[in-house]
There are 2 protein chains.
Amino acid sequence: MNAASYQQLDRVIHERGRLAIMSLLAATTELPFTGIRDALEMTDGNVTTHLRTLQEAGYLAVTKSFQNGRPHTTAALTVTGRKAFRHHVDLLARIVERARSGPSLEPGVMSGSRLRPQT
Amino acid sequence: MNAASYQQLDRVIHERGRLAIMSLLAATTELPFTGIRDALEMTDGNVTTHLRTLQEAGYLAVTKSFQNGRPHTTAALTVTGRKAFRHHVDLLARIVERARSGPSLEPGVMSGSRLRPQT
DNA sequence: GAAAACACTTTGTATTGCAAAGTGAACGGA
DNA sequence: TCCGTTCACTTTGCAATACAAAGTGTTTTC
């Protein structure tokens, strides 16, 4: 694990709002649209788009139905989603842990060894 | 601490690339431009813009000089930056911890108590 | 029966992450 | 001494997208 492993941070999950949704769903089993919106104090539009993004990534199972004449949407993590989230969280934990260890290296040791990303 | 505390996640710090830079600088004292770029395998342009963003937020002290006829840029966390990063990391740690605890609540408990963000 | 509430979705915009291209100085070979 | 290359960045262009305001359709309330 080198410092550049941050590249592995899944952008779909990492975004603030979606990290919150994934986090929330990871702690429960299934939640309604309104539950997510209220728990996270998110706007409706925000929830809709994030749910769609997460669903399209295969991380969420979203079910839409009508109950007493009103739309009812629920979301739950898929197995893939749970795995991806766990992986993300592990990465974050490692980054955080390393950061917490505090200053240790001398300044300047990182120079040299030029290595551009392939274009 | 409620679930909506994700709102406190500092967007300047939270972005992947910048989280990596902050993380890297938190573990050392000061690094040159090229050190950051190489350690994180980031493109030059990316490093420049992220450094600027972090500097404008007051999180980084960036010094630019010429050494043997070449520009030499270094970056280090400011006290504010170190504090903000620590706070961010603490928040992440809490989110991560709660997520790690696994399913516990019943589905449906989060409904009701509508509370829109002020517009 | 008009108006408000509810559960969403769509739209518009303003931001911004990213890499390709650009800049300018120094160095290396022919 | 010219020409190309390397180095250390900065600027530019664009595609993606986070966000909230406005919109939709139903249902309840007064």
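Predicted model: local features only at pLDDT ≥ 70, side-chain atom pairs only at ≥ 80, totals over all residues.
DNA strand D is surrounded by 22 residues, of which R18(A), D44(B), T48(B), K64(B) and T73(B) are the closest. Of the atoms of DNA strand D that come within 4 Å of the protein, 71% belong to sugar and phosphate.

Polar contacts to DNA strand D involve phosphate, sugar or linking, and base oxygens. A phosphate oxygen lies 2.5 Å from a polar side-chain atom of T73(B), and a base oxygen is 3.1 Å from a side-chain N or O atom of R70(B). From chain A, a backbone N or O atom of G69(A) is placed 3.2 Å from a sugar or linking oxygen of DNA strand D. Two or more residues of this surface come from each of helix 2 (16–27) and helix 4 of chain A, and from each of helix 3 (33–40), helix 4 and strand 3 (70–77) of chain B.

DNA strand C has 21 residues around it, with D44(A), T48(A), K64(A), T73(A) and R18(B) coming nearest. Sugar and phosphate make up 71% of the atoms of DNA strand C within 4 Å of the protein. The surface near DNA strand C comprises two nonpolar, eleven polar and eight charged residues. Phosphate oxygens of DNA strand C lie 2.4 Å from a side-chain N or O atom of K64(A) and 3.3 Å from one of E15(B), while a polar backbone atom of P71(A) is 2.9 Å from a sugar or linking oxygen.

Terms used: Residues numbered from 1 in each chain as written. Chains lettered and ligands numbered in written order. Heavy atoms only, no water. Near = heavy atom within 4 Å. Polar contact = N/O pair within 3.5 Å; in protein donor to acceptor, adjacent residues only side chain to side chain. Nonpolar A, V, L, I, M, F, W, Y, C, P; charged D, E, K, R; others polar. Helix = DSSP H or I, 4+ residues; strand = E, 2+ residues; numbered from the N terminus.
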